[in-house]
Amino acid sequence: MDIRTKAGELVSINPADGSEVARVAVTTPQELDAIVARAQKAYRETGWKELMPHKRAEVLHAIANGLLAEKETLASLQMRDNGKPISECRGMVDYAVGTFRYYASVCETLETDVTPRRGDYVSFTVLEPYGVVAAITPWNSPIMNDAAKVAPALAAGNAVILKPSEDAPLLAPELVRIAAAAGLPDGLLQVVQGYGADIGAALVAHKGVGMISFTGGTATGRAIGRVAGERIVPVALELGGKSPHVVFADANLEHAVAAVAAGIFGSSGQSCVAGSRLLVEESVYDEVVTRLVERAKRIVVAAPDAKGVEVGPLASFHHRDRVHAFVERARAEGGRVLCGGSAPEGAAYETGAYYLPTVIDGLPHDALSCQEEAFGPVLVVLPFKDEADLVAKANGTDFGLACGIWTENFKKAWRTGRALEAGSVWINTYKQSVTSTPFGGFKDSGIGREKGIDGLRLYAQVKSMYFGLHENPLPIAK
């Protein structure tokens, strides 16, 4: 989606053809105050947090059913909102459905601890919601990212205020509508719209918000973290990446090259875990790069609803400009563009925000293009000599979100996987994601873990409780 602001509203522009999709009203500061107050009232008075877990689970299952019933409509809307191929949009709706079902199950089965006795008492823990959670999501995978925050936060008993990106505002209101129809009490899930620097910043700073969950860029994450620290409220940050994709000489090169291409060019590279740095052992470097360039040149770049499309447009015209500027800087740093490096030519592409799959080599590892995130279909390729050289290069950025390793040697995979600083390690595969497995990053890639059982605990605070079993009155001192 591209946006144009007109008199207090965001205008969604389809990045495939430049046409207007829809308009949404920007939330005013006064409206934000009312929304937060409504969320607080719903948290206190609807009984949601006191509802038996299996009853909350019933509502979450109903939300999942509602999403599934509208799968085609939601997928089509997301396709027009941010340009992803329709098949990928369908998969993201399925993922959102699975997320609500998973947290419905976790909600009614999660156990807390009865802790070991060290005196005349029984001690145990319970989980309490934070109250009002601010959930701020990015533009690259709207319905999936919305569900990843909303489902566990609701399962934990919170009220949620969802702030979608100004570049993808259309899916969040649909989720609110479907949740209401599924029986979620009024006020427990609401949406605010607008720019992050305005309404997003006001939401994060609002005294009525008790917890903040953000997915997006590292610079914004730092700003949010500073506000959360000043307010002393918990914050979860899922931020950027410059993930290394490693190919050893003993790898199955056919599978490795296919996964490297999918890992960076899928979703037009607009993924936080995109394998945007390819590190190849020197002895097979030329072969791997040749195969990869050949594959990149065959990728079908087309409208997101075209038959056989593999890569659609970037999510917005201004983001395409940013990606192209990244490539031009790489050229200026001495990089060789082996394929791509521009928008595709032809009438079919003239009105859309398309960009060709791009492979760049010849850069030193400390070049900015090897250190900073492009968030587009741009891959930088570097050779490595041995495991020590690989680990130094792979860990040699500020990021630590994900990595991929291709080798037929189990012990090598184990050593490398443990040595690399990343929250997710894929061995002989890439970009797999499942709701039941925790997800998050090391270093500047964030703090906290979404997904899995930890993903529900993220939205709850631990309370320790003690029941005394004393036979005699407590003494002043022991």
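This is a predicted model: local features need pLDDT of at least 70, side-chain atom pairs count only at pLDDT 80 or more; totals for chains, interfaces and linings use all residues.
**View 1. Lining of the second largest pocket.** The second largest pocket holds about 360 Å³ of space. Its lining is formed by 20 residues, and those that lie nearest the centre of the pocket are Pro53, Arg56, Cys107, Leu127 and Ala156. By residue class, the lining comprises 12 nonpolar, three polar and five charged residues. Helix 2 (53–69) and strand 5 (121–129) each contribute at least two lining residues. Strand 5 provides the largest share of the lining, with five residues.

**View 2. Buried and exposed sides of helix 14.** Helix 14 spans residues 410–419, and its buried residues are Lys412, Ala413, Thr416 and Gly417. These four residues lie on the same side of helix 14, because they cover an arc of only 125° around the axis. The exposed residues Phe410, Lys411, Trp414 and Arg418 are carried on the face turned away from the buried side of helix 14. Among the elements that cover the buried residues of helix 14 are helix 13 (387–394), strand 17 (402–406) and strand 18 (424–427). The N-terminal end of helix 14 is capped by Asn409. In this cap, a side-chain oxygen of Asn409 lies 3.0 Å from the backbone nitrogen of Lys411.

View 3. Ala172 is located in helix 6, which covers residues 171–181. Ala172 counts as buried because its relative accessibility is 1%, where the cut-off for a buried residue is under 20% relative accessible area. When neighbours within four places in sequence are left aside, Ala172 is in contact with Asp146, Leu162, Pro164 and Val191. Leu154 is 18 residues from Ala172 along the chain, and the C-alpha atoms of the two residues are separated by 15 Å.

View 4. Thr358 belongs to strand 14, which covers residues 358–361. With a relative accessible area of 0%, Thr358 is buried. The side chain of Thr358 reaches the backbone oxygen of Leu356 at a distance of 2.8 Å. Residues up to four places away in sequence not being counted, Thr358 touches Phe265, Val327, Val337, Cys339, Gly340, Gly341, Pro377, Val378 and Leu379.

Conventions:
Residues are numbered from 1 along each chain as its sequence is written. Side-chain values use heavy atoms; hydrogens and water are left out. On a 1 Å grid over the protein atoms alone, a cavity is a set of points where a 1.4 Å probe fits but cannot get out, and a pocket is an open set with protein on both sides within 12 Å along at least five of seven lines; lining residues have an atom within 4 Å of a point. Grid points are joined across faces, edges and corners, and a volume is the space filled by probe spheres set on the points. Ala, Val, Leu, Ile, Met, Phe, Trp, Tyr, Cys and Pro count as nonpolar, Asp, Glu, Lys and Arg as charged, and the others, Gly among them, as polar. Buried means under 20% relative accessible area, exposed over 50%, partly exposed in between (1.4 Å probe, protein chains only). The arc is that of the directions from the helix axis to the C-beta atoms. Contact means heavy atoms within 4.5 Å. A polar contact is a pair of N or O atoms within 3.5 Å; within protein, one must be able to donate a hydrogen and the other to accept it, and residues adjacent in sequence count only if both atoms are side-chain atoms.
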